[in-house]
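Work through the exercises below with the model on screen. Try each task before you read its solution.

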Amino acid sequence: SDRRRRVARAAAAAGAGATAEPVPSEVLSAAPPSQQPSPQSPVGPPSRVAEALLRLRDLADQVEFAYAKHLLAVEEHASVRRKARRLRQLPVGLECYAQELRDMEEKMEEE
């Protein structure tokens with residue numbers, strides 16, 4: 001409604017040949033913002049250079065991703081090697097309980 005009044009005033013002023021007040025720029029645009037023409041992109045297929053650059057960028061992204069996966073795999077492998085080394089150092093069988101068994105025997109002898 002406010003916009004209609006401004007448009008009516010601007011039209012009346014233009015018809016009368018006198019300008020009562022300056023007309024805002026939003027009133028001067030005939031089409032709403034959603035219907036204003038926009039620059040068009042080229043209609044033809046992309047050039048071979050553009051395709052080659054796109055493939056290059058895609059391959060670079062793939063290499064970067066593969067390298068990140070490689071670094072994670074190397075870190076995981078090192079962790080597994082540390083755990084395996086520690087497991088090999090642990091006693092097996094009766095060796096696990098030998099010290100505990102000796103401590104119990106000494107305790108029973110003292111009583």
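**Exercise 1: The whole chain**

Task: State what share of the protein chain is buried, and describe its surface.

Solution. Buried residues account for 4% of the 111 residues in the protein chain. Buried means under 20% relative accessible area, exposed over 50%, and partly exposed in between (1.4 Å probe, protein chains only). The accessible surface of the protein chain is about 10700 Å², and 59% of that belongs to carbon and sulfur atoms. Areas come from the Shrake-Rupley method with a 1.4 Å probe; for residues, only the protein chains shown count as cover.

This is a predicted model: local features need pLDDT of at least 70, side-chain atom pairs count only at pLDDT 80 or more, and totals for chains, interfaces and linings use all residues. Residues are numbered from 1 along each chain as its sequence is written, and side-chain values use heavy atoms, without hydrogens and water.

**Exercise 2: The elements**

Solution. From the N terminus, the order is α-α-α-α. Helices (H or I, at least four residues) and strands (E, at least two) are DSSP runs, numbered from the N terminus.

**Exercise 3: The salt bridge**

Solution. The structure holds one salt bridge (a side-chain nitrogen of Lys or Arg within 4 Å of a carboxyl oxygen of Asp or Glu). Asp61 counts as partly exposed because its relative accessibility is 34%. Arg57 is partly exposed too, at 48%.
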